[in-house]
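Here are my notes on side-chain contacts and packing. Please read them alongside the model.

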Amino acid sequence: MKLFIIGAIIIGASVFSLLPILSAYFFQPTLKDTLRFNVYFLPLSFIGNVVLSWGFIQGSKTFGNTVMLAGLQTGVNAILVTILSILVLQQKISFYSIIGILLIGIGTLFLNK
């Protein structure tokens, strides 16, 4: 059960990491395109939110530590947004960004203790 909960947090966080990358890749920063993006990706956003909410609800019962779950979500978001920015948007990531991501990962491990 614990693996399902952690998997739900990771999947939900992955969906919410993917959405801004898709938005930046496919749409212009205008109000009209922002509305179109939200309409197009509403089902994916809804599914991600349901999975993430289920993970948090079950995780708070199972682990008794929602801070650790939020840290896991934050770590997954930071890592995936960085990776997707490099691969999809061809952005350059600074050395300080990499250090920040490593610190987030270390912080997530400490939250689990």
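1. A salt bridge here is a side-chain nitrogen of Lys or Arg within 4 Å of a carboxyl oxygen of Asp or Glu. The structure holds one. It joins the side chains of D33 and R36, with N to O at 3.0 Å.

2. Some ground rules. The model is predicted: local features need pLDDT of at least 70, side-chain atom pairs count only at pLDDT 80 or more, and totals for chains, interfaces and linings use all residues. Residues are numbered from 1 along each chain as its sequence is written, and side-chain values use heavy atoms, with hydrogens and water left out.

3. Where do D33 and R36 sit relative to each other in helix α2? They are three residues apart in α2 (residues 31-40), so about one helical turn separates them. Helices are DSSP runs (H or I, at least four residues), numbered from the N terminus.

4. Are the two partners buried or exposed? D33 is buried, at 12% relative accessible area. R36 is partly exposed, at 34%. The cut-offs: buried is under 20%, exposed over 50%, partly exposed in between (1.4 Å probe, protein chains only).

5. Now the rings. Phe, Tyr and Trp rings (for Trp, the six-membered one) pair if their centres lie within 6.5 Å; planes under 30 degrees apart are stacked, over 60 edge-to-face, the rest tilted. The whole structure has five aromatic pairs. One of them is Y25 with F26: the centres are 4.9 Å apart and the planes at 90 degrees, so the pair is edge-to-face. Y25 is partly exposed at 48% relative accessible area, while F26 is exposed at 53%.

6. F37 and F41 make a tilted pair, with centres 4.7 Å apart and 40 degrees between the planes. F37 is buried, at 9% relative accessible area. Ring pairs also connect F37 and F41 with F27 and Y40 in a cluster.

7. Next, the nonpolar cores. Such a core is a set of buried Ala, Val, Leu, Ile, Met, Phe, Trp, Tyr and Cys residues joined through side-chain atoms within 4.5 Å. The largest has seven residues: I9, A13, L52, M68, L69, L72 and V76. Two or more residues come from each of α1 (2-26) and α4 (66-87). The top contributor is α4, with four.

8. What does L69 touch, leaving out residues up to four places away in sequence? Its contacts (heavy atoms within 4.5 Å) are I9, G55, F56, G59, S60 and F63.
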